[in-house]
Amino acid sequence: MDGIVVTGRGIVSPVATGVDAFFDALLGMQGGISEDGLAPCADFDPETTMTPKEARRTDRFAQLAIDAAHQAAAEADLPNGVDPRRIGVIVGTGVGGLTTLQAECKTWLEEGDRAVSPLFVPMMMPNAAAGQIAMRLGLHGPGFSIASACSTGAHSIGEAARMIQRGEVDAMVAGGTEAALVGLCIAAFRRMGALSRVGESRPFDTRRDGFVMGEGSAVLVLEREEHARARGAQIFARVTGYGASNDAFHITQPEENGRGAVEAMTEALADAGLTPADIGYVNAHGTSTPINDRVETLALRKVFGEDSGPPVSSTKGAVGHTLGAAGAIEALACVEALRRGALPPTLGLEDVDPECAADHIAGAPREAPDLKVALSNSFAFGGQNATLVLQEA
């Protein structure tokens with residue numbers, strides 16, 4: 001993939017809102033996990049970008065995405081002077097408007113049909129975020145939502161880049177969003193045994209016992225490089241590789257041999273025209289679940305070699321697992337690592353599991369002034385995997 005650049009960045013996360021504050025928090029080892037074992041965007045105020053009435057009529061997952069998209073579009077100065085038919089939107093979510101779904105189900109069971117809000121469907125439908133962003137920014141290009149659980153954000157960015165590559169658009173607003181910190185969803189993940197019993201996110205650590213649920217959104221503006229340069233847009237990074245694969249093995253567990261993860265990474269490298277030796281940093285999927293971290297490590301060894309892999313860290317130690325937003329948040333972390341020449345550490349990683357041995361960044365950030373290429377992994381329930389390769393501007 002060639003000629004796809006990042007010209008806008010936006011994020012709402014459990015550690016900060018705004019790109020600079022977010023990456024400063026990662027480098028400063030600031031965690032967003034609360035004492036009750038969740039990672040909410042506690043300081044987020046939807047009324048910074050919406051009226052009170054609009055906020056009441058919008059589910060939290062879309063509120064987060066709208067804020068992130070406004071940040072990214074403002075930075076890219078879009079759609080100012082650009083044909084809105086040539087700008088599209090792909091903003092995905094793993095589960096959509098669960099806050100609204102849970103509340104309206106309770107209302108319906110207790111009070112019957114006439115008590116259900118007429119806004120229920122437009123608030124909870126998974127494509128609401130992408131639709132609202134298009135309306136607010138006046139974008140008339142292709143628009144839709146992708147749902148691939150924890151790979152949603154990465155798939156959204158990868159598919160948006162492909163649309164630019166095919167010449168269907170000149171720019172895309174792309175990313176992921178999630179706000180699933182509601183009782184029903186928390187109970188469901190807990191019943192599956194996926195959540196940490198002690199409420200700690202410790203990717204690759206011997207004490208990891210599950211993930212911590214987080215919420216948030218990250219959105220990038222991707223643009224055809226020639227188009228960006230012609231209008232004088234600032235270029236922050238390049239998206240040069242995208243690989244997607246399917247485990248076709250189990251609905252919630254990765255294949256023990258890491259085949260799907262290996263194929264996603266290998267395809268992304270081939271798409272970028274690079275070799276494993278070119279990668280200077282891996283932002284791992286790194287969920288803090290016993291099986292994911294072990295299988296991802298095995299896959300990394302198969303791609304990069306037993307003893308020669310690049311530095312690895314997981315953003316989920318700081319922000320928890322943000323499900324459909326995770327891939328976009330982690331791609332943005334790669335953009336900032338490339339820009340600043342600094343690698344964020346894995347928060348909570350103190351005692352590396354021998355089965356997860358790698359060149360882990362832990363205890364402190366690491367300077368990387370020569371970093372040219374970063375790779376971001378996302379592996380989802382359903383066996384759907386996505387890997388992105390990002391390069392310096």
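Figure 1. Setting aside residues up to four places away in sequence, Thr107 touches Gly112 and Ala115, where contact means heavy atoms within 4.5 Å. Thr107 belongs to helix 4 (residues 98-111). Helices (H or I, at least four residues) and strands (E, at least two) are DSSP runs, numbered from the N terminus. Between the C-alpha atoms of Thr107 and Gly10 the distance is 35 Å, and 97 residues separate the two in sequence. The model shown in every view is predicted: local features need pLDDT of at least 70, side-chain atom pairs count only at pLDDT 80 or more, and totals for chains, interfaces and linings use all residues. Residues are numbered from 1 along each chain as its sequence is written, and side-chain values use heavy atoms, with hydrogens and water left out.

**Figure 2. The largest nonpolar core and the contacts of Leu390.** The largest nonpolar core has 50 residues, of which Phe22, Ile157, Leu222, Val239, Tyr281 and Leu390 touch the most other members. Helix 13 (residues 326-340) supplies nine residues, the largest share of this core. A nonpolar core is a set of buried Ala, Val, Leu, Ile, Met, Phe, Trp, Tyr and Cys residues joined through side-chain atoms within 4.5 Å. Buried means under 20% relative accessible area, exposed over 50%, and partly exposed in between, with a 1.4 Å probe and protein chains only. Not counting residues up to four places away in sequence, Leu390 touches Arg238, Val239, Ala331, Cys334, Val335, Leu338, Lys372, Val373 and Ala374. Another core, of 31 residues, lies apart from the largest one and includes Cys41, Met50, Ala69 and Val89.

Figure 3. The axes of helix 7 and helix 13 come within 4 Å and cross at roughly 65°. Axes are lines fitted to C-alpha atoms, for helices over the stretch in contact, and angles run from 0 to 180 degrees between N-to-C directions. Helix 7 and helix 13 are therefore roughly perpendicular to each other. Angles under 35 degrees count as roughly parallel, over 145 as roughly antiparallel, 65 to 115 as roughly perpendicular and the rest as oblique. Gly153, Ala154 and Ile157 of helix 7 meet Gly327, Ala328 and Ala331 of helix 13. By class, this contact of helix 7 with helix 13 has four nonpolar, two polar and no charged residues. Ala, Val, Leu, Ile, Met, Phe, Trp, Tyr, Cys and Pro count as nonpolar, Asp, Glu, Lys and Arg as charged, and the others, Gly among them, as polar.

**Figure 4. Packing of helix 10 (residues 259-272) against helix 11 (residues 290-304)****.** Helix 10 and helix 11 pack at an angle of about 40°, with their axes 9 Å apart. The two helices are therefore oblique to each other. Helix 10 passes helix 11 in a right-handed crossing. A crossing is left-handed if the near helix is turned anticlockwise from the far one by less than a right angle, and right-handed if clockwise. Helix 10 contributes Ala261, Val262, Met265, Thr266 and Leu269 to the contact, and helix 11 contributes Ala299, Leu300, Lys302, Val303 and Phe304. Eight nonpolar, one polar and one charged residues make up this contact of helix 10 with helix 11.

**Figure 5. Packing of helix 3 against helix 6 (residues 128-137)****.** The axes of helix 3 and helix 6 lie 9 Å apart, at an angle of about 40°. That makes helix 3 oblique to helix 6. Their crossing is right-handed. Phe61, Ala62, Ala65, Ile66, Ala69, His70 and Ala73 of helix 3 form the contact with Ala128, Ala129, Gln132, Ile133, Arg136 and Leu137 of helix 6.

Figure 6. A cis peptide bond, with omega of about 10°, joins Leu78 and Pro79. Pro79 is found in the loop between helix 3 (60-76) and strand 3 (87-93). At 23% relative accessibility, Ala149 counts as partly exposed. Apart from neighbours within four places in sequence, Ala149 is in contact with Gly94, Leu323, Gly324, Ala380 and Phe381. Ser288, which is not a glycine, has a positive phi of about 85°. Ser288 is found in the loop between strand 9 (281-283) and helix 11 and is buried, with a relative accessible area of 0%.
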